[in-house]
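Subject: Structure handover

Hi,

Here is the structure I promised to pass on to you. My notes on what turned up in it follow below the model.

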Amino acid sequence: MHTDPADYIRQTIRSVPNWPNPGVTFRDITPVLQDPQAFRVLIDLFVYRYMQQRLDLVAGIDARGFIVGSVLAYELNLGFIPVRKKGKLPFKTVAEDYSLEYGNASVEIHTDSVRPGQRVLLIDDLIATGGTMVAASRLLQRLGANTVEAAAIIDLPDLGGSQAVRDTGLSVFTACT
Ligand code: PRP
Ligand code: ADE
């Protein structure tokens with residue numbers, strides 16, 4: 001692998017035009033996951049960024065944030081907490097509604113998933129409008145957690161989402177655009 005890690009990941013992601021709706025170009029990470037070299041490059045990029053940071057937990061966003069977030073948590077010797085779409089978590093939850101590039105949704109977290117003051121890395125596959133990331137960070141904030149950074153594989157800067165997340169005061173890191 002002689003190319004820059006970010007370039008390699010960018011080149012491996014597949015763009016699917018007009019999915020799930022006309023006018024949306026869907027950025028599909030499945031080719032990265034199925035290529036062992038690309039998957040390792042991706043995870044290592046995050047591991048190197050966060051291995052020296054004082055973190056307590058990784059919070060992954062439903063559904064593709066679970067894949068990268070759980071592997072990263074394991075590699076960093078941290079616990080993993082799921083931020084789930086509404087109605088999936090069995091215990092007591094808090095919820096936040098938000099709007100997406102293609103619709104509306106709601107995310108939830110278990111009330112006992114994080115203790116006040118714990119340092120959490122929030123992670124997802126992609127930031128589009130930023131609505132999902134902002135809603136997830138609000139959940140963590142409501143539980144008193146300290147969200148250290150919001151991370152994603154892909155930023156779609158034309159949709160302004162990463163800036164919207166930064167505007168809430170949160171640091172943002174993305175592997176590629
Ligand atoms: C996608 C993606 C992010 C979110 C980003 O998930 O995985 O979670 O959209 O969009 P935003 O920045 O505009 O909020 P989606 O809601 O499509 O759900 P899925 O993971 O179940 O496919
Ligand atoms: N979530 C929101 N917009 C998306 C896109 N263009 N590709 C993949 N996931 C998305």
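Helix α3 (residues 36-50) and helix α4 (residues 64-75) have axes that come within 10 Å and cross at roughly 55°. Helices here (H or I, at least four residues) and strands (E, at least two) are DSSP runs, numbered from the N terminus. Axes are lines fitted to C-alpha atoms, for helices over the stretch in contact, with angles from 0 to 180 degrees between N-to-C directions.

On the α3 side, the contact is made by F39, L42, I43, F46, V47 and Y50, and on the α4 side by I67, V68, V71, L72 and E75. Contact means heavy atoms within 4.5 Å. By class, these residues are 10 nonpolar, no polar and 1 charged (Ala, Val, Leu, Ile, Met, Phe, Trp, Tyr, Cys and Pro count as nonpolar, Asp, Glu, Lys and Arg as charged, and the others, Gly among them, as polar).

Before going on, a word on how the model was treated. It is a predicted model, in which local features need pLDDT of at least 70 and side-chain atom pairs count only at pLDDT 80 or more, while totals for chains, interfaces and linings use all residues. Residues are numbered from 1 along each chain as its sequence is written, chains are lettered from A and ligands numbered from 1 in the order in which they are written, and side-chain values use heavy atoms, with hydrogens and water left out.

Helix α3 also meets α1 (5-12): the axes of α1 and α3 come within 10 Å and cross at roughly 130°. That makes α1 oblique to α3, and this crossing is left-handed. P5, Y8, I9 and T12 of α1 make the contact with Q37, A38, V41, L42 and L45 of α3. Here the classes are 7 nonpolar, 2 polar and no charged residues.

Now to the cores. The largest nonpolar core has 30 residues, of which L42, F46, Y50, L72 and I153 touch the most other members. Such a core is a set of buried Ala, Val, Leu, Ile, Met, Phe, Trp, Tyr and Cys residues joined through side-chain atoms within 4.5 Å, where buried means under 20% relative accessible area, exposed over 50% and partly exposed in between (1.4 Å probe, protein chains only). Among the elements that give two or more residues to this core are β7 (119-127), β8 (146-155) and β9 (172-176), but α3 gives the most, with 7 residues. Leaving out residues up to four places away in sequence, L42 touches I9, V32, V68, I153 and A175. A second, separate core of 27 residues includes L57, A59, I81 and M133.

Most residues other than glycine have a negative phi, and most peptide bonds are trans. The bond from W19 to P20 is cis, with omega near 5°, and D62 and A63 are also joined by a cis peptide bond, with omega about 0°. N77, in the loop between α4 and β4 (79-85), has a positive phi of about 60° and counts as exposed at 73% relative accessibility.

Best wishes

Definitions and conventions:
Angles under 35 degrees count as roughly parallel, over 145 as roughly antiparallel, 65 to 115 as roughly perpendicular and the rest as oblique. A crossing is left-handed if the near helix is turned anticlockwise from the far one by less than a right angle, and right-handed if clockwise.
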